[in-house]
Amino acid sequence: DYGGGSPTGALFIDEPGFPEGFGHGLYTCQWGWNNVTRHPLEPAGASFKTPQEKDSFIGIPRPTGIDEDGEGHLYVASWKGATFTYAGPNVGYVIRVTPATLQPVPFPELTKATDEELSGYLTSPSAVWRLHVQREYLRRGNKPVFAHSLEKIALSNQSLPVRVAAIFTLKQLLGPMAKEPLLRIAKVDDLREFALRALSDRKEEASDIPSRVFTDALNDPGPRVQSQAIIALNRLD
């Protein structure tokens, strides 16, 4: 769609602390264009339209990768000065990109957090925080308090990304025992597609899920729900 070449790195950012329009979206490292490009996304059915708009976010020679730290900083790696044979140790670099108005919130020490504090951290607007909190849940293992709090978050009025994080943490934590809470969550319209995916994501754990859950979803007005139902029915085969 954009001509020759392809990104050498990509990142979807969902982070607070960035200026409006920059903290939520798709960024790609464009080796051939010598920049990091921001791609506004527009939903279309069960997917997205090919993004025709693109903004040069950062000019940088040969960008190879991009990441974020959960405190409002981005890191971009450059392969400047390198060749396809050894060119010595002093090639390439990493830059840190920080919004001028950033007031960073220190990343929490999750291993020292109480179980109740962990639930609070999962509701963070930062995708990096949510990811690492999910991993801490799984490291601590299945506890009754976790199943209750995760379902409560999923059914709360928190943002959709937070509720989705709770859904997939619940599934990974409980395994087959997540069936009943996920079926309850699947009754909520804006959560249905995610609950259906979680129910069928692991084929070895999906055999006892009633197919009616997915065949009914084929008639859902939402194309994303229909898509997940089709995928699930194929996985149940």
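## The loop at asparagine 34

Asparagine 34 sits in the loop that links strand 2 (24-30) to strand 3 (35-39); strands here are DSSP runs of E with at least two residues, helices are runs of H or I with at least four, and both are numbered from the N terminus. Its phi is near 55 degrees, a positive value in a residue other than glycine. Asparagine 34 is partly exposed, at 37% relative accessible area. For that scale, buried means under 20% relative accessible area, exposed means over 50%, and partly exposed is in between, using a 1.4 Å probe and protein chains only.

A word on the ground rules: this is a predicted model, where local features need pLDDT of at least 70 and side-chain atom pairs count only at pLDDT 80 or more, while totals for chains, interfaces and linings use all residues. Residues are numbered from 1 along each chain as its sequence is written, and side-chain values use heavy atoms, with hydrogens and water left out.

## Arginine 62 and strand 7

Arginine 62 is not a glycine either, yet it has a positive phi of about 45 degrees. You'll find arginine 62 in the loop between strand 6 (55-59) and strand 7, partly exposed with a relative accessible area of 29%.

With a relative accessible area of 11%, isoleucine 66 is buried. Leaving aside residues up to four places away in sequence, isoleucine 66 touches Ala10, Leu11, Tyr27, Cys29, Val36, Leu74, Tyr75 and Val76; contact means heavy atoms within 4.5 Å. Alanine 44 is another story: it is 22 residues from isoleucine 66 along the chain, and their C-alpha atoms are separated by 27 Å.

## The chain overall

Zooming out, the chain has eight helices and nine strands. Its C-alpha trace spans about 60 × 45 × 35 Å along the principal axes. Of the 237 residues in the chain, 41% are buried.

Take the contacts between residues at least 6 apart in sequence: 49% of them join residues at least 24 apart.

## Helix 4 and its surroundings

Helix 4 (residues 160-174) runs for 15 residues and reaches 21 Å from its first C-alpha to its last, close to the 21 Å expected at 1.5 Å a residue. That expected span is 1.5 Å times one less than the number of residues.

Helix 4 is largely enclosed by the rest of the structure, because 11 of its 15 residues are buried. The buried set is Val162, Arg163, Val164, Ala165, Ala166, Ile167, Thr169, Leu170, Lys171, Leu173 and Leu174. What do these buried residues of helix 4 pack against? Their partners are helix 1 (115-122), helix 2 (127-140), helix 3 (144-154), helix 5 (179-185) and helix 6 (192-200).

## Helix 2 against helix 4

Helix 2 and helix 4 pack at about 25 degrees, their axes 10 Å apart. Axes are lines fitted to C-alpha atoms, for helices over the stretch in contact, and angles run from 0 to 180 degrees between N-to-C directions. The angle makes helix 2 roughly parallel to helix 4; under 35 degrees counts as roughly parallel, over 145 as roughly antiparallel, 65 to 115 as roughly perpendicular, and the rest as oblique. Helix 2 passes helix 4 in a right-handed crossing, where the near helix is turned clockwise from the far one by less than a right angle.

On the helix 2 side the contact uses Arg130, Gln134, Tyr137 and Leu138, and on the helix 4 side Pro161, Val162, Ala165, Phe168, Thr169, Gln172 and Leu173. By class, that contact has seven nonpolar, three polar and one charged residues. Here Ala, Val, Leu, Ile, Met, Phe, Trp, Tyr, Cys and Pro count as nonpolar, Asp, Glu, Lys and Arg as charged, and the others, Gly among them, as polar.

Glutamate 136 also belongs to helix 2. At 5% relative accessibility, glutamate 136 counts as buried, and beyond residues up to four places away in sequence it touches Leu110, Thr111 and Leu118.

## Helix 6 against helix 4

The axes of helix 4 and helix 6 come within 10 Å and cross at roughly 20 degrees. The two helices are therefore roughly parallel to each other, and their crossing is right-handed.

Here Leu160, Val164, Ile167, Phe168 and Lys171 of helix 4 meet Phe194, Ala195, Arg197 and Ala198 of helix 6. The residues of this contact split into seven nonpolar, no polar and two charged.
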